[in-house]
Amino acid sequence: MEIKMKPIDLIKQAVKAQNNAHAKYSNFTVGCALLTKDDDVILGCNIESAAYPSTMCAERVAIYAALAKGITRFKAIAIVSPLSAKPCGPCRQIIYEYLSDIPIYVSNGKTDKYETHHISDLLPHPFG
């Protein structure tokens, strides 16, 4: 699939999502922008809970929102956080299962610099 949206533009969308993060315990805000096959963008942000296992990562919020809308084909995903953190283990598994090996852009959202990864590199031995 051809990706028409530039990575930096998808990252800017992830920054918008990051502004909606609910991170009152960690103060580590994360935003995510998921580009669909139809060039729509689904946003997600991390949402923390005092009952920590109930916390949800930005990546899974975006992916689950897309799936709930019946969207199942994607072109790219952008993730922004203060430390340009890569997806956590559970998010890597969900990315593997639902997004295939699309580009994963990781940035701190403050500059035009970003890294490009693929889930096959981040999760070499997935479950399933």
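Predicted model: local features only at pLDDT ≥ 70, side-chain atom pairs only at ≥ 80, totals over all residues.
I take contact to mean heavy atoms within 4.5 Å, and I name helices (H or I, at least four residues) and strands (E, at least two) as DSSP runs numbered from the N terminus. Residues are numbered from 1 along each chain as its sequence is written, and side-chain values use heavy atoms, with hydrogens and water left out.

**Entry 1: the helices H2 and H3**

I looked up which residues of H2 are buried (under 20% relative accessible area, against over 50% for exposed and in between for partly exposed, with a 1.4 Å probe and protein chains only). They are Ala 58, Glu 59, Arg 60, Ala 62, Ile 63 and Ala 66, and their cover includes S1, S2, S3 and H3. Just after H2 I noted Gly 70, which has a positive phi of about 85 degrees.

For H3, I found Cys 91, Gln 93, Ile 94, Ile 95 and Leu 99 buried. These residues pack against S1, H2, S3, strand S4 (104–107) and helix H4 (119–122). After H3 comes Ser 100, where phi is again positive, near 60 degrees.

**Entry 2: salt bridges**

How many salt bridges are there, if one is a side-chain nitrogen of Lys or Arg within 4 Å of a carboxyl oxygen of Asp or Glu? I count three by this rule.

One of them joins Lys 37 and Asp 38, whose closest N and O atoms are 3.2 Å apart. Lys 37 is partly exposed at 35% relative accessible area, whereas Asp 38 counts as exposed at 51%.

Another joins the side chains of Lys 75 and Asp 39, at 2.8 Å from N to O. This pair links distant parts of the chain, 36 residues apart, with Lys 75 in strand S3 (residues 74–80) and Asp 39 in the loop between strand S1 (31–36) and strand S2 (41–45). I noted that Lys 75 is buried, with a relative accessible area of 7%, while Asp 39 is partly exposed at 29%.

I also looked up Glu 115 and Lys 86, which form a salt bridge with the closest N and O atoms 2.9 Å apart. They too link distant parts of the chain, Glu 115 lying in strand S5 (residues 115–117) and Lys 86 in the loop between S3 and helix H3 (89–99), 29 residues apart. Glu 115 is partly exposed at 34%, and Lys 86 is partly exposed at 33%.

**Entry 3: His 117**

I then turned to His 117, which is found in strand S5 and is buried, with a relative accessible area of 17%. Its side chain meets that of Glu 115 in a polar contact of 2.7 Å (a pair of N or O atoms within 3.5 Å; within protein, one must be able to donate a hydrogen and the other to accept it, and residues adjacent in sequence count only if both atoms are side-chain atoms). Leaving out residues up to four places away in sequence, I found that His 117 touches Lys 86, Ile 102, Pro 103, Ile 104, Val 106 and Leu 122.
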